[in-house]
Amino acid sequence: MGLFNSTILDVIIGLIFVYLLLSILCTAANEWVAALSKRRANTLIRGIEQLLTGQALTNKPPPDKEASNAPPTDKEASNELLNEFKTHPLIKTMFNGENPPTYLSPRNFSATLTDILSAAHEGKSEFANLLSGINDLPDGKVKTSLLALLRRSDQEIDDARFVIEGWFNDAMDRVSGWYKRRTQVWTIVIAAVLTLVANADTIQITRKLWTDPVLRSAVVEEAKVRAQKPRPTVSVEYKDEDDPTNPTVTRNEGNELSGKERELLGQLIGWRSGWRENWSWFTPLGWLLTILAISMGAPFWFDMLNKIMNVRFAGKSPDEKAKVPEKSGSTVRA
Amino acid sequence: MNSTKRVQVLFLITALLTSSSVCRAEITVALTKGFVRKYKDKATISTTFDIDKHHDHPNPIGSGSDDGDIHIAGRDTVVRLPMVAEIINGAKEKSALDFLLQSTAGDAIPLTGVWRLWFEHPGNTDQIQGEDVSIPKNTNPDHIFEFHPVVKFGSFDVFDSFAPIEDEEAEFRGYSAEKAFDAYEKRPGLITRSNTAIMTQSNKAGFNYAEFQMRLAGKPKDVGDGFIVFANIYNANAKTNDDPVVDESRRMVFVKGTNLLTQ
């Protein structure tokens, strides 16, 4: 019997189908967690904090502290510039209610910072005002950084803004890296939780598919239906269709799981009564394989399902429907 | 399940899982509807291009990637996607080339180029217009958008670069029309829309250059910075009675000011 007989292929199709459904659930959960935790906005704030924290604005106590004769705490004093930045009108207008912005352009960052630093000075040029503002700052890491940056400018305000934008861009590059890493970590965490809660053990699933021809056949039939559905896609919305600022990205993972898919998933995964039925020495390996598989994402498994379906059903039966372009009016398959 | 079968199935599961490292999923590029509307019938886009990395000499002329281009990786505020600009026949455009070689990372250069969305270097991450664009670490970062060919770099027109890629020693040849257009026509692609964006999903593409003969199938339309015309595609050496390599005519774009247009 060859390796690629139909039973083995059907088991593989069943596995891919399960991975696809679990990936869809995982992605939905990840999007939900990201929205709930304001992950993108918080990552941006963290990036700005890393740039501006640890810098006082004046050596004097702030007015309210002056009135109460209480000097600012070290922490308050060292975050004066950061707090001033966060409450600046240019930044506040980007808030959506209480929700902070998810994107800040280098230009806005530079404009806000130079405005704060130049505000109290009316010198002979904008550059001179900015330089005076920076020189007047108490010693701190932002003052040191800005003076170093301004040495690279040509005594022109445009150059100064440009190098500040570059400084911000470098920081945002790190922020993008953090965001991607956090999303990847969350994907694995959610995949692990999902796998354990649902006891999605790849080896158990394989065993069930192998030993139960009726279940296997039902799964393959449903996998066929799934393969005919639209590929999981990314959907993007902007606040203004002429302005790409602040895109909102949602993963439109095809359709939701159908009742039949949920039912089949329930037969293939889940906890059974009696630990012996759930546990073997291979169980951790089975979980690990499932977590690894889910973290690859739904689009990957959708593509894989289609490819293996083509192998399995090469020489299509006459009653099989040919794939046609979507006619929803919103999708074109080229 | 006997032990042999178990080993076979485990082997297949492992193969399935490890294959992810070599299989590339499809990538989505998203653009605002306003951007699509503004540029869909334009030959070029003008922007201020913030240079991050550039080659220190044009590619040699030969075969494969030796296509005579000079690559510039950077970012901008009009397109706002990961991008690369390429001046074709870079060695022939001395003034623009000297200007480029003198520029350094961080320089903002006015640039006009033919826009191109092609999944030649898509990477593994969706490219959403307006999302933060990472600073390129080399001259060929993951990107789908290109200014290729560049039409104007700084104050230098590079119209003369729109010419066959050749020097005294070699001539660059593209893929045959039959091969390249067969691949173009078979490319998988999914275009979807939301209220404000157009998303295009596809996977890695090839066949950067093709040699073909075109026969106009309609009247050229003046789009301001160029002409757009539908044409039938034939092999480069096709004779009058030969069949086109593609059944239907395809849209071709010419840039105003280039020699090719006047020819």
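Reply: Here are some labels, each set against its definition. This is a predicted model, where local features need pLDDT of at least 70, side-chain atom pairs count only at pLDDT 80 or more, and totals for chains, interfaces and linings use all residues. Residues are numbered from 1 along each chain as its sequence is written, with chains lettered from A and ligands numbered from 1 in the order in which they are written.

Me: How do you know that the span of helix α1 of chain A agrees with what it should be?

Reply: The expected span is 1.5 Å times one less than the number of residues. Helix α1(A) (residues 6-36) has 31 residues, so it should span 45 Å, and its end C-alpha atoms are 45 Å apart, which agrees. Lys38(A), with a positive phi near 45°, follows α1(A).

Me: What makes the contact between α12(A) and α13(A)?

Reply: Contact needs C-beta atoms, placed from the backbone, within 7 Å. Leu215(A), Ala218(A), Val219(A) and Glu222(A) of α12(A) make it with Lys260(A), Glu261(A), Leu264(A) and Gln267(A) of α13(A). The axes (lines fitted to C-alpha atoms over the stretch in contact, angles from 0 to 180 degrees between N-to-C directions) come within 11 Å and cross at roughly 145°.

Me: Why are strands β12 and β14 of chain B called joined?

Reply: Strands (DSSP E runs of at least two residues) pair if DSSP finds at least two bridges between them. Five bridges join β12(B) to β14(B), which run antiparallel, so they pair by that rule. Met214(B) stands opposite Ile233(B) in β14(B).

How values were computed: Helices (H or I, at least four residues) and strands (E, at least two) are DSSP runs, numbered from the N terminus. Two residues are in contact if their C-beta atoms, placed from the backbone, lie within 7 Å.
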